[in-house]
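Student: Could you take me through this structure feature by feature, giving the general idea first and then the case at hand?

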Amino acid sequence: MKPMPLILVILVFFPHASFAQQPEQPACDYKVEILVDGNEFQKEDFKWRVRATKIEGAPTNITGTAEIKDYNGTNVKSYKPWNLDPISMQKTSGEYTPNLKEGKEYEIISRIYVGCGDTNMADNIDIKNIKIKSEKKEEW
């Protein structure tokens, strides 16, 4: 096969392929925090949020995920507070009030993904452990 037909085959089967070097993303640092008041809750009192904050760098787009896992590592709840949303300084999710089982321990894990060259990926994840207290009924 001659070089010209080979190039045509590549362009036909891979029309979105780019052989040009992609521009370098600007440097930045964003962090994520799980906002929860304590680590033990009554079932009806448990609520939490996620906050992303710019440490340094330019505004960008952010995607955030969060999940709650039980003590076996099974995913109980999943959230996506932001999906390619613009962020310049800080962004806080709405309040979450999941209906979790009493007497159980859970792990909340939140991650962010940003559209710039994040210089510190270690603060793009936050993990908190919580417990939902069981209501003990008194016997008379």
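The dialogue below goes from the overall make-up to single residues.

Student: What should I keep in mind about the model and its numbering before reading any value?

Tutor: This is a predicted model, in which local features need pLDDT of at least 70 and side-chain atom pairs count only at pLDDT 80 or more, while totals for chains, interfaces and linings use all residues. Residues are numbered from 1 along each chain as its sequence is written, and side-chain values use heavy atoms, with hydrogens and water left out.

Student: Which residues touch the most other members of the largest nonpolar core?

Tutor: A nonpolar core is a set of buried Ala, Val, Leu, Ile, Met, Phe, Trp, Tyr and Cys residues joined through side-chain atoms within 4.5 Å. The largest one has 25 residues, and Phe46, Trp48, Ile112 and Ile130 touch the most other members. At least two residues of this core come from each of S1, S3, strand S4 (60-70), S5, S7 and strand S9 (125-132). A contact means heavy atoms within 4.5 Å, and Ile130, leaving aside its neighbours within four places in sequence, has contacts that include Val36, Phe41, Phe46, Leu100, Tyr106 and Ile108. Across the protein chain, among contacts between residues at least 6 apart in sequence, 69% join residues at least 24 apart.

Student: Which cysteines form the disulfide, and where do they lie?

Tutor: A disulfide is a covalent bond between the sulfur atoms of two cysteines, and here the criterion is a pair of cysteine sulfur atoms within 2.5 Å. The structure holds one disulfide, formed by Cys28 and Cys116 with their sulfur atoms 1.8 Å apart. The torsion about their S-S bond is about 80°, so the disulfide is right-handed. The pair links distant parts of the chain, with Cys28 in strand S1 (residues 27-35) and Cys116 in the loop between strand S7 (104-114) and strand S8 (117-118), 88 residues apart. Both Cys28 and Cys116 are buried.

Student: Where is Pro26, and what does it touch?

Tutor: Pro26 lies in the loop between helix H1 (3-13) and S1, and at 47% relative accessibility Pro26 counts as partly exposed. Not counting residues up to four places away in sequence, Pro26 touches Cys116 and Gly117. The C-alpha atoms of Pro26 and Ala58, 32 residues apart along the chain, are separated by 7.2 Å.

Student: How many aromatic pairs are there, and which rings form a cluster?

Tutor: Rings of Phe, Tyr and Trp (its six-membered ring) pair if their centres lie within 6.5 Å; planes under 30 degrees apart count as stacked, over 60 as edge-to-face and the rest as tilted. A search of the whole structure finds four such pairs. The rings of Trp48 and Tyr79 have their centres 5.3 Å apart and their planes at 85°, so this pair is edge-to-face. Both Trp48 and Tyr79 are buried. The rings of Tyr79 and Tyr96 have their centres 4.3 Å apart and their planes at 45°, so this pair is tilted.

Student: Is Glu67 buried or exposed, and which side chain does a polar contact join to that of Glu67?

Tutor: A polar contact is a pair of N or O atoms within 3.5 Å; within protein, one must be able to donate a hydrogen and the other to accept it, and residues adjacent in sequence count only if both atoms are side-chain atoms. Glu67 is found in strand S4 and, at 16% relative accessibility, counts as buried. A polar contact of 3.5 Å joins the side chains of Glu67 and Arg111.

Student: What is the phi of Leu84?

Tutor: Most residues other than glycine have a negative phi. Leu84, although not a glycine, has a positive phi of about 55°; Leu84 lies in strand S5 and is exposed, with a relative accessible area of 60%.

Methods. Helices (H or I, at least four residues) and strands (E, at least two) are DSSP runs, numbered from the N terminus. Buried means under 20% relative accessible area, exposed over 50%, partly exposed in between (1.4 Å probe, protein chains only).
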